[in-house]
Amino acid sequence: MPDQLICGSPDRALVCDSTAWLTVPCKGPRGCARRGDNDECDDTLALEGDLCPRNPPLDYACTADHTKALVCKDGRFGLWRDCRGPEGCQIVGDRNLHCDTTLGVAGDPCAQQGTYACSVDQKMMLLCDGNSLSPASSCRGPQGCHIERESRKVDCDDAVALEGDPCDQLKQITCAVDHKTELVCDGKRYSKKRECRRSDCRVSGTELFCD
């Protein structure tokens, strides 16, 4: 019977793939065991490329180091998300997967358009376009990019920046890192607006001072 699963050993299952039995690893803590009337394979831990049952259609796993979340597609596990945040990848409850994506790297896969993450070095705020993360704004101020753990809100200290740094708020002004120049955002990058010849550039609350 297609998709039939039986335990071959405590950490392996045999899955019928129409014409042949495939050996599928069961690396989760419960291994492969009889539960009720059926054999079940705990594949909540896996490696990229591991075989996985095609049924159920949505099957997720964490890597053993808990840094990546995998999804079963076409009978093999592949990368779903990088879980670079402090909570990493966890299996919650029975088979619910939690992936902490509050920290990321440009190019990391993501799904929810308009959501933010901090870079791993916490010097950049990243934005999800619905497919991957990309730089949204530099966060070179003393507080860097940080996350409020309870609300998951991402804050970016952009009180200082370098000319050419990414930014996403049109006409936003800030000070250069050396405090000698006022910068302005064109919607994508910071560029020099004016030099501060008589006093250093500084930000106080919502006001910027540059003479």
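Strands (E, at least two residues) and helices (H or I, at least four) are DSSP runs, numbered from the N terminus, and two strands pair if DSSP finds at least two bridges between them. This is a predicted model, in which local features need pLDDT of at least 70, side-chain atom pairs count only at pLDDT 80 or more, and totals for chains, interfaces and linings use all residues. Residues are numbered from 1 along each chain as its sequence is written, and side-chain values use heavy atoms, with hydrogens and water left out.

View A. Five residues lie between E6 and E7 in their hairpin, where His 66 takes a positive phi near 60°. E6 (residues 60–62) pairs with E7 (residues 68–73) in the antiparallel sense over three bridges; Ala 61 has Leu 70 as its bridge partner in E7. E7 also pairs in the antiparallel sense with E8 (residues 76–82), over six bridges, and Lys 73 has its bridge partner, Arg 76, in E8. The hairpin of E7 and E8 has two residues between the strands, and Asp 74 in the turn has a positive phi of about 55°.

**View B. Disulfide of Cys 52 and Cys 72.** The structure holds 11 disulfides, a disulfide being a pair of cysteine sulfur atoms within 2.5 Å. One of them joins Cys 52 to Cys 72, S to S 2.0 Å. It links distant parts of the chain, 20 residues apart: Cys 52 is in the loop between strand E5 (38–41) and E6, and Cys 72 is in strand E7. The link is right-handed, with 90° about the S-S bond. Both Cys 52 and Cys 72 are buried (under 20% relative accessible area; exposed is over 50%, partly exposed in between; 1.4 Å probe, protein chains only).

View C. E19 (residues 181–185) and E20 pair in the antiparallel sense over five bridges, with Tyr 190 in E20 the bridge partner of Cys 185. Cys 185 also forms a disulfide with Cys 167, their sulfur atoms 2.1 Å apart. The torsion about this S-S bond is about 100°, so the disulfide is right-handed.

**View D. Cys 16.** The closest cysteine sulfur to that of Cys 16 is in Cys 32, 15 Å away, which is too far for a bond. Cys 16 counts as buried, at 8% relative accessibility.
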